[in-house]
Structures are given as structure tokens and as C-alpha cells.
Amino acid sequence: MDHTHLGRLGVRVSRLCLGTMNFGPQTSEEDSHAIMDRALDLGINFFDTANVYGWKQGEGWTEQIVGRWFAQGGGRRDKVVLATKVYGGMSKDDWPNFDKLSAVNIMRAVEGSLRRLQTDHIDLYQMHHVDRETPWDEIWQAMETLVRQGKVIYVGSSNFAAWNIAEANGAAARRNFLGLSSEQCLYNLADRMSELEVLPACEHFGMGVIPWSPLARGILGGALRKASEGRRSSEQARRRVEGLRDQLERYEKLCADLGEEPATVALAWLLSNPSVTAPIVGPRTREQLDAAMRALDLSLGEETLATLEEIWPGPGGQAPDAYAW
């Protein structure tokens, strides 16, 4: 397993990030623990979760599963660069101030995550979404307090626009604070909007890029072949597959000609981008995790990259070059 710096930082993380969103709803606790053990065996030291994962309102089910795995000892916690998130609602009865990024909620939310994760600190505390109703000085004051207390080491963003990133880092700089260390964004062959402004902003500020949904919610993982084998998918996924059928047929044929699984090619394409730190893989089984490792050894040639560009064209570069003279 190769490891790389998280953007401009000194901390080193694996080129694949273990996403835990399936732990609980899709994967049993026993199997989730086995997947995390396997991840360490494979050299994956970067784990991502969120306080709302598990989708039981206010319970933090997935964080609890991860916390009970840490509690088994064996150096598990020390080996992991742990990322979690704050923003989503954590009140069972929708009580005020239990969501978003007020200082009140940040301070409360971090204590809840620390308790569920059974740890005394979070390595990367990510804002799950931008909060347009809370001033940046309030957000950074709360984050600075957590850093001073040793409860948080780095702060990251997720689902931010480029101007949100610039605004946040500008406010942090005025306070002589480190600012954003990374951005977790939607980015894959079929969803390339981030190339317009988010990826250039991250490069400018020296931030790591952690793409979520690298398989476009499964459609880049061999959706047509799986459908022909009788595997079921959600109605939303079926509609998107039908809308992209021509591209998917070309894509899956290319992957077959390469002798590689579609999911492997999709991950390898992300890893070929020097802006990308670590795509988030969210396995439901150990076998899926093992399969993802193949992408680390797959080097896509120039001809293959050019064909992928034809099948899945991006926006044309970064803004404003992509749309202006």
C-alpha cells in the first residue's frame, strides 16, 4: 500500500480511504469489524465516517460500530487516521441547535462523536456541508477551541463549492489558523463538475481531495452486466443507467477489452489524477475491499485515458477556460 501526504500536511494516508457508510444498515457489526481488520492488514490507515451514518436519527450507529472496534485494542486506534463529520441533525425530536455548524452544535457534536468512537481525539473533523447561516469566525472559534483541547487535529470540508473553500480559508488565515486540510467531494468519471473549480481551489490551497462515490453510486461498477445477471438495484439507479446506457455500453466494453473490472478502472482513473489523495471505497464485504486493491496496481495508458475521456467527457477543464474564450 502506498501512502501519501494529505494535501500540504505532514500526515500520511493510504491511497484508498475506507468508507464506513454501509456499516450497520448494509453490513453487520461482525462483518464491519472484519472489514476494518482486513483494511489494516492491507495497509489502509485512512477511515472515514460521520455522526449521521447508520441513518438512525440521533444514534450515530456507524460511529458506535467503529468505536467498539477501536475498543478491542491491539493498536487499532493508533494505526488509523480517523475522519468523521459534523452538520447533520442528531436530535431524535428535531430540537433546535442539534445540527449545522453553530459553535453550540459543533461543541456538542464532537463530544458525541468522541463518546461513540471511544477515542479522545478525531484526526480529521469534517464539515459535512456548508452552513450559510453561521459566520466563519464563529465556526473557526469553535474549531480552534477543539484543536487547543486536543480533541481535533485537522479540519476538513465536504460538499463545499470552491468559493466556500476560499471564503473559509481566508477567514482562517485572518485568525492565523491552519484552515481547511481537505475537501471530500463528489467526483468520478460520470460526475466531473468538481474539475471546474473545486479541484483547482484545493490545489491552490494545498488541500487533500477525497472523492466520495467513486463508482457513481454503483453505475461504474458494471451496472449493465449486473443487470443482465439479474441483480437488482434501486429505481433511481435504474433510471440513471438507462439515461447513460450508450456510455455504459462503451465503458464496460473497454473494461472487458482491458481484462479489468469496471470498478477497478473507475478507481484507477481517479488515482491517476495528481489532485486526488484517496478515493473513498465503501465495501459491504471483505471481498469487495480486496477487489478495490487492484486499482492501486493498474496504470492506465494514454490511449485508455483518451478513450475514457471520449466516453465520459469532462467539463472541458477548469473555469472559466471550460466555457469562456
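Is Arg294 buried, partly exposed or exposed, and what is its relative accessible area? In this predicted model, Arg294 comes out as partly exposed, with a relative accessible area of 35%. Its side chain meets that of Glu260 in a salt bridge, at 2.4 Å from N to O. The two residues belong to distant parts of the chain, 34 residues apart: Glu260 sits in the loop between helix H10 (245-258) and helix H11 (262-271), and Arg294 in the loop between helix H12 (286-292) and helix H13 (302-311). Glu260, for its part, counts as buried, at 16% relative accessibility.

That pair brings up the wider picture of charged contacts. Side chains of opposite charge can pair when their charged atoms come close, and searching the whole structure turns up 20 salt bridges. One of them joins the side chains of Arg76 and Asp37, with 3.0 Å between N and O. Arg76 is in helix H3 (residues 76-79) and Asp37 is in helix H1 (residues 29-41), so this contact ties together parts lying 39 residues apart in sequence.

Another salt bridge runs between the side chains of Asp191 and Arg240, at 2.9 Å from N to O. Asp191 lies in the loop between strand E8 (180-184) and helix H7 (198-205), whereas Arg240 is part of helix H9 (residues 235-243), so the pair ties together parts that are 49 residues apart in sequence. Asp191 is buried, with 9% relative accessible area, and Arg240 is partly exposed at 27%. Salt bridges also turn up as a network, with Asp137, Glu144 and Arg175 linked in this way.

Take Cys185: the nearest cysteine sulfur belongs to Cys202 and is 6.3 Å away. With a cut-off of 2.5 Å between the sulfur atoms, Cys185 is therefore in no disulfide. Cys185 is buried, with a relative accessible area of 3%. Cys202 is in no disulfide either, its nearest cysteine sulfur being that of Cys185, 6.3 Å away. Cys202 is likewise buried, at 0% relative accessibility.

Methods:
Residues are numbered from 1 along each chain as its sequence is written. This is a predicted model: local features need pLDDT of at least 70, side-chain atom pairs count only at pLDDT 80 or more; totals for chains, interfaces and linings use all residues. Side-chain values use heavy atoms; hydrogens and water are left out. A salt bridge is a side-chain nitrogen of Lys or Arg within 4 Å of a carboxyl oxygen of Asp or Glu. Helices (H or I, at least four residues) and strands (E, at least two) are DSSP runs, numbered from the N terminus. Buried means under 20% relative accessible area, exposed over 50%, partly exposed in between (1.4 Å probe, protein chains only).
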